[in-house]
Amino acid sequence: MVKPTERRVGYGVAIGYGVTDLFGGGAFAIIGTWLLFFYTTYCGLSVIEAGSIFAIARVIDALLSPIMGYVTDNFGNTWLGRKFGRRRFFLLLSSPLMFLYALLWLTDMGYWYYLGTYLSIELLSAMVLVPWETLAAEMTNRYEERSRLSGVRMICSQLGGFLAVSVPGIIMQFTGKDNPFTYTLTGLLFSTVFCIAVFTTWRCTWEAKDVQEESFHINLQRTGGLFNHLKYLVLDLFSSFKIRAFRLHIIIYIFSFTAMDVFGSVFTYYVIYCLKQDASSVSGWLSIAAFASVPGTYGFMLLLNKLNITPSAALRLSYGCIFGVLTFLFITYYTNIQVPTTLFSAVFILLGAARSGLYYIPWNIYSFIPDIDEMVTQQRREGIFAGVMVLTRKSTVAIAILMIGIVLEECGFVKGNGAQPESALHAIIGLMIFATAALLAVSFWVTFKFKLTRETHQLLLKEIARRKLGGNGTDCDEKTQAVILQLTGYEYDEVWGGDATRRITGNIGLSGAK
């Protein structure tokens, strides 16, 4: 029998895996772009009420995503997990539940209805995205194949984002620019797409569930009651941050993605109130950017895989282009000049292409983090890393929207008004231009410290394979030892059964190496 990790990942498999990011990218692109506007314009909620929904959901999600990561790491011990897969079972279960997404976009239902429906989407997204995120690392350990999976999924994500901003604009042509049914119909259409996409991924993917690591096993003390499982969940969560590459990666990820969340949430207000254009213009400009993201993602795939550009250098290229776009948008508002449509289109093509690198590269990097962790813990913990990644992603979306709501309200923003006071316009510009730029600047600085490349990953895998075959630690060359220090944050004699292994695996309830 061919083991899962010995199967090859072609573009057909990669597409089957990646289509779930139509949900991951599309659902939250719609939420980030339209939901705050929908709540405050058509649902009778104030900016603070709408923002509180996102904040409450984040508190709930602070538990959901890590719990799902922990559950999927251990679900293989159950009958359902052995039959349907410890990760893929949740994809099968979630596929028909995607129609819950349509319930978000109904009008005049009251605060508690909107809170309840949004919480249901948070639960559903944790059930889908956390186990799905782990599959790239489970399906293959080859650099190019993982990059292919990450690249195709990000193309699907960008396609989902493109549909998220363009479909409402198309529907507006038939329903009218100020008709809330536009968003209701959008929600129903996307629910159908998400249902089909998640089911397709369940059919096209596999797990490494029949590959048993003989050198390391979960200790029996993990088979305790609810309290023990909650304790190990918390310890797992915090132990993930003891890996240096993951700490740096999370900083890059959080700050750059939050920057785009802030930009996307405020851009609608920027176009409508600062540039004095209508909502269909928002859809048009963002559609151009989202469309450019698809070839942009493929371009960044080529940079990493064919031209062998390091992930850090590619990220800096992406950030530099976005800084240029922010400068252009600020000058456009400040000078109040009429910008030719072709120039505006070119700027948003640049934004879309640059933003695709910002989204693709961190998720490509993520698939290699469990390998670095394995060098320290001798254990595969894809689930817990996926849980932390999804938690931080969804948390920053909601926190950003809540803060935007507070700032706008404090600066005199009046919901439903066709014009806003000067203080509100300044707040919109400050958030969209300067807050976005400040967040990106943090990520830009951290990229100089991040050292994961194709070459360092290959050295790491070779050393893991050598140690699994019984190789002696004293035979490791100095170059490999230096790479392991850069990636893990620990000296070589501290990993693979050393002090770092005992500290971390002791915390997460695992036995030492045999």
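In this predicted model, pLDDT stays under 50 over residues 210-222, a stretch for which the model has 38 contacts beyond four places in sequence. Across the protein chain the average pLDDT is 81, and 90% of the residues score at least 70. Confidence is lowest in helix α9 (residues 226-239), with a mean of 67. Helix α12 (residues 311-335) has the highest, at 92.

## Overall build

The protein chain has 19 helices and zero strands. It holds 514 residues, and 59% of them count as buried. The exposed surface comes to about 19,900 Å². Carbon and sulfur atoms supply 66% of that area. Consider contacts between residues at least 6 apart in sequence: 82% of them join residues at least 24 apart.

## Helices α10 and α13

Two packed helices are described by the angle between their axes and the distance between the axes. For helix α10 (residues 244-274) and helix α13 (residues 341-366), the axes come within 10 Å and cross at roughly 145°. The crossing of α10 and α13 is left-handed. On the α10 side, the contact is made by H249, Y253, S256, F257, M260, F263 and F267. On the α13 side it is made by F348, L351, R355, L358, Y359, P362, W363, I365 and Y366. By class, the contact has 13 nonpolar, two polar and one charged residues.

M154 lies in helix α7 (residues 143-175). M154 counts as buried because its relative accessibility is 2%, under the 20% cut-off. Beyond its neighbours within four places in sequence, M154 is in contact with D21, T297, Y359, Y360 and W363. Two of these partners, Y359 and W363, are also named on the α13 side of the contact with α10. M154 and W363 are 209 residues apart in sequence, yet their C-alpha atoms are 8.2 Å apart in space.

F368 sits in the loop between α13 and α14 (369-377). Its relative accessibility is 2%, so F368 counts as buried. Apart from neighbours within four places in sequence, F368 contacts Y143, R146, S147, L452 and H457. F368 and S147 are 221 residues apart in sequence and 9.6 Å apart in space, C-alpha to C-alpha.

T182 belongs to helix α8 (residues 181-204). T182 is buried, because its relative accessible area is 0%. Leaving aside neighbours within four places in sequence, T182 is in contact with P168, I171, M172, T175 and G176.

## Q486

Q486 is placed in helix α18. At 35% relative accessibility, Q486 counts as partly exposed. Q486 touches R244 and K451, not counting residues up to four places away in sequence. R244 falls within the span of helix α10 (residues 244-274). Q486 and F450 are 36 residues apart in sequence, with 8.3 Å between their C-alpha atoms.

The C-alpha pairs are set side by side here.

| Pair | Apart in sequence | C-alpha to C-alpha |
|---|---|---|
| M154 and W363 | 209 residues | 8.2 Å |
| F368 and S147 | 221 residues | 9.6 Å |
| Q486 and F450 | 36 residues | 8.3 Å |

Most residues other than glycine have a negative phi. Against that background, where do N336 and W496 sit, and are they buried or exposed?

N336 has a positive phi, near 55°, in a residue other than glycine. N336 is found in the loop between α12 and α13. N336 counts as exposed because its relative accessibility is 62%, over the 50% cut-off.

W496 is not a glycine either, and its phi is positive at about 45°. W496 lies in the loop between α18 (478-488) and α19 (499-507). With a relative accessible area of 10%, W496 is buried.

Technical notes
Residues numbered from 1 in each chain as written. Predicted model: local features only at pLDDT ≥ 70, side-chain atom pairs only at ≥ 80, totals over all residues. Heavy atoms only, no water. Helix = DSSP H or I, 4+ residues; strand = E, 2+ residues; numbered from the N terminus. Buried < 20%, exposed > 50% of the residue type's maximum accessible area, 1.4 Å probe, protein only. Contact = heavy atoms within 4.5 Å. Areas by Shrake-Rupley, 256 points an atom, 1.4 Å probe, with all protein chains shown as cover. Axes fitted to C-alpha atoms, helices over the stretch in contact; angles between N-to-C directions. Left-handed = near helix turned anticlockwise from the far one by under 90°. Nonpolar A, V, L, I, M, F, W, Y, C, P; charged D, E, K, R; others polar. pLDDT = per-residue confidence, 0-100.
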